[in-house]
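Let's take a walk through a protein model together. Keep the picture open while you read.

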Amino acid sequence: TTGALLAQMMVDPIGLILRWYDELQVAQVSLARLVGVREIEPGAGDAEVVPDGRDVRADEVRFGYRAGLDVLHRVSLDVAPGTRLALVGPSGAGKSTLGRLLAGIYAPRTGEVTLGGAELSRMRAEDVRTHVALVNQEHHVFVGSLRDNLLLARTGAEDAELWASLAAVDADGWARGLAEGLDTEVGSGGLALTPAQAQQIALARLVLADPHTLVLDEATSLLDPRAARHLERSLARVLDGRTVVAIAHRLHTAHDADVIAVVEGGRISELGSHDELVTADGAYAALWRSWHG
Ligand code: ATP
């Protein structure tokens, strides 16, 4: 309330301003990093460009980080709604880059990435992120309460929804144990969360944001094996029923995908199910054999 704000301002004006400053920064880093969609300025894009469907397609996409140096060369790919696609291939092949393009974080140099026929780079960033989210291990917990951290994913959500999102990712146990519950201050200066708890908060944000498509960058986990297994179960539940593009840095997470795309040197060299690619006896089959030694 205004009265409380004024009172706090008299007691601790600097602290309050710093807190506001933190909140402004939270707004700036934006949902892009949180449930992680594209780093273009909010407000850009055309509100009239809206998807008609849920299929994600890359059509002849060229992309590079520096002029004259393409990382992706005319990549075309079709991700049907509800399917799980895994991107595999050597380090530096362009898997993460392709994932970021499919999530609408970068715009192609030529060609296009579309969602339900709408070009992602022409849609408003905030519209894109209601449909597609990038999930990686760069999970940030911001200065503020646990509630503030969750509300970033869906402004105006009721406490009951916040608790449901925590329960959906198995974080309600420890969160219920907090003396101040959702009002508990987290982030620097607040309650120190473990890496696993920070990731659960990021997953709870995903549950709240509820995008139908996820691009999942499975970077090597910084967690201990037990925490990692626990989190994997929560993640599996969050992924259930959504379209998933998984950037599989390890082969074992790829083999049960509906479709596997092998990325080599910025091109898709093979595309098919695990069984099809093993039968085709190409690059994937060789990777698979070397993995199973
Ligand atoms: P890994 O499995 O090692 O993560 P990857 O297949 O995901 O590799 P990318 O991370 O997409 O490959 O990288 C493809 C190429 O683009 C590499 O040459 C990499 O050095 C370059 N690259 C990636 N990110 C950037 C960036 N932000 N700025 C400049 N170059 C980049």
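This is a predicted model: local features need pLDDT of at least 70, side-chain atom pairs count only at pLDDT 80 or more; totals for chains, interfaces and linings use all residues.

Residues are numbered from 1 along each chain as its sequence is written.

The protein chain holds 11 helices and 12 strands; these are DSSP runs numbered from the N terminus, with at least four residues (H or I) for a helix and at least two (E) for a strand. Of its 293 residues, 36% are buried, meaning that 20 or more other C-beta atoms, placed from the backbone, lie within 10 Å of a residue's own.

Now find the open sheet of four strands, ordered S2-S1-S4-S5 with antiparallel pairing. Two strands count as paired if DSSP finds at least two bridges between them. At the edges sit S2 (72–79) and S5 (118–119), each pairing on one side only. S4 (residues 110–115) is joined to S5 by two bridges, and Thr-114 stands opposite Glu-119 in S5. Helix H3 (residues 95–102) packs on this sheet and touches S1 (56–63), S2 and S4.

Last stop, the ligand. Which residues are around the ligand? They are Tyr-65, Val-71, Gly-89, Ser-91, Gly-92, Ala-93, Gly-94, Lys-95, Ser-96, Thr-97 and His-249, each with its C-beta atom, placed from the backbone, within 6 Å of the molecule. This shell divides into three nonpolar, seven polar and one charged residue; Gly counts as polar here.

Key
Two residues are in contact if their C-beta atoms, placed from the backbone, lie within 7 Å. Axes are lines fitted to C-alpha atoms, for helices over the stretch in contact, and angles run from 0 to 180 degrees between N-to-C directions. A residue is buried if 20 or more other C-beta atoms lie within 10 Å of its own, exposed if 12 or fewer, and partly exposed in between; C-beta atoms are placed from the backbone.
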